[in-house]
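Visitor: I have the sequence and the model open side by side. Could you walk me through them with a few questions and answers?

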Amino acid sequence: MQTIEALAKEKGIEADTIITAIEDAVLTASRKYYKTNENLKTRFNQETGQVDLFATKHIVQEVADPATEISLKEAQELYGEEAEVDMEIEFPKRTDVLGRIAAQTAKQVIFQKVREAERENIFAEYNDRVGEVINSTVKRFENGDLIVEIGRVEAVLPRKEQSRAESYTPGERIRAVIKGVNRSAKGPQILLSRTDPALLIKLFEQEVPEIYDGTVMIRGAVREAGDRAKVAVYSRERDVDPVGACVGMKGTRVQAIIRELRGEKIDIVEWSDDPVLFVTNALSPAKVQRVTIVDDGERVMEVVVEDKQLSLAIGKKGQNVRLAAKLTGWRIDIKSEEEKRREVEEQFGALGGDTGADEAPAEEASATAEEASATAEEASAAADSGDLPPLQGAEEEEPGSAEETPAEEVETEKS
């Protein structure tokens, strides 16, 4: 009994669970040894520390199965008038004859039952703590995964849940968030994460009293673990600056979180219910010139920044704008002022090209009409002064016909 209690304390389970496991183990071993159809039962004797084995028989008027039934007459011969129909009689059986194979079977059953009870206990304890940040100690490495110890329980930090900027050594203490608890896993059941945004939120709650007491709220957090993170904060009180509260005096609060995340850069932006203002804040540290909502239904925005700010707004490999889009829930299209101006010029150029094609013939016709009019005026002036050249091969005509000829030529040229 002392051994059972010591084992129960070590595994963190009830002593009754171990006793039940021992009874089941002896029962399994007994059935293997006796190989009968008898209805066998076991009972743990706390006084002697032994497991008693019985074959139970049901009292009936007429016996159909001698292995499990006994007649009323036989029962009364054994136990007197107290024996009645439908009662059960227990016949003790020996357990010291079970042997080594049966003992080995019993041992396996006990281990299995204790392990199942332990796993159920872990599941019940940690399933309600999903999303909580816990302290753990690095124990060993298994195929890139990290096995850590939480008190007396082992947990796993998979490779995909580890930040690429971090490296660990056995015995090192790390903080991680509980991502899930698996009931059926063969190895450690508790799944931890160092890349989940929940870790960032919980670290802010631990470092910033205003977030812990609800004065400042975190409205969203996105991460690319090891590189950069963005957190949107909002203040319930007008007098409290949410960004300043999270940064702390000379950045002490946010620096503590950055140290815990091994140098991951954190942008703290102010949340707003106005999407334009929120997107402008989210693209920090880049300065935005103007924001236009392209499609409200599809949640698409166009952002114009100065030429010098374009690379800062996009970020390394598009990281800044990608995180801003995740944080705000809007698809962001960033353009520099030069790109936007060129785009507008192309649009106007296309419009100008369509109208210019129609106007060209009209301009040419107008120019021809002006030339014809000028020629007519010159001819008229020459006729008045009498300086017209003589017509070759023409007969002398009456006076006045010389004035008509240039007019006809003018008319021809005009037409």
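Guide: Gladly! One term before we start: helices here are DSSP runs of H or I with at least four residues, numbered from the N terminus. Please keep in mind that this is a predicted model.

Visitor: Which helix gives the largest share of the lining of the second largest pocket?

Guide: The second largest pocket has a volume of about 300 Å³. Its lining has 15 residues, and those closest to the centre are Asp227, Arg228, Gly315, Lys316 and Gln319. The largest share, three residues, comes from residues 319–328, which is helix H11.

Visitor: How many residues of that lining are charged?

Guide: Asp227, Arg228 and Lys316 are among the residues closest to the pocket centre, and each of these three belongs to a type that counts as charged. Over the whole lining, two residues are nonpolar and five are polar. The number of charged residues is eight.

Visitor: Let's turn to the strands. In which order do the strands of the closed barrel run?

Guide: Let's follow the pairings. Strand S5 (residues 133–142) pairs with strand S8 (residues 173–181) in the antiparallel sense over five bridges, and five bridges also join S5 to strand S6 (residues 145–150), again antiparallel. S6 in turn is joined by five antiparallel bridges to strand S7 (residues 153–157). With S9 included, the five strands of the closed barrel, whose pairing is mixed, run S5-S6-S7-S9-S8.

Visitor: Which residue in the turn between S5 and S6 has a positive phi?

Guide: S5 and S6 form a hairpin, with two residues between the strands. In the turn, the residue with a positive phi, about 55°, is asparagine 143.

Visitor: What is the bridge partner of asparagine 135 in S8?

Guide: Here we look at the pairing of S5 with S8, which is antiparallel. On the S8 side, the partner of asparagine 135 is arginine 175.

Visitor: How many residues of the contact of H2 with H4 are nonpolar?

Guide: Helix H2 (residues 15–34) and helix H4 (residues 99–126) pack at an angle of about 145°, their axes 8 Å apart, in a right-handed crossing. The contact includes Ile18, Ala21 and Ile22 of H2 together with Ala106, Val109 and Ile110 of H4. Three residues of the contact are polar and three are charged, while the number of nonpolar ones is twelve.

Visitor: Why is one side of S13 and of S15 left without a neighbour in the sheet?

Guide: These strands belong to an open sheet of three, in the order S13-S14-S15. S13 (288–295) and S15 (331–336) stand at its edges, so each has a single partner strand. Neighbouring strands of this sheet are turned by 25° against each other on average, direction ignored. The reason, then, is position: S13 and S15 are left without a neighbour on one side because they stand at the edges.

Visitor: Which residue of S15 stands opposite valine 303?

Guide: Six bridges join strand S14 (residues 300–305) to S15, and the two run parallel. Opposite valine 303 stands isoleucine 334.

How values were computed:
Residues are numbered from 1 along each chain as its sequence is written. This is a predicted model: local features need pLDDT of at least 70, side-chain atom pairs count only at pLDDT 80 or more; totals for chains, interfaces and linings use all residues. Side-chain values use heavy atoms; hydrogens and water are left out. On a 1 Å grid over the protein atoms alone, a cavity is a set of points where a 1.4 Å probe fits but cannot get out, and a pocket is an open set with protein on both sides within 12 Å along at least five of seven lines; lining residues have an atom within 4 Å of a point. Grid points are joined across faces, edges and corners, and a volume is the space filled by probe spheres set on the points. Two strands pair if DSSP finds at least two bridges between them. Axes are lines fitted to C-alpha atoms, for helices over the stretch in contact, and angles run from 0 to 180 degrees between N-to-C directions. A crossing is left-handed if the near helix is turned anticlockwise from the far one by less than a right angle, and right-handed if clockwise. Contact means heavy atoms within 4.5 Å.
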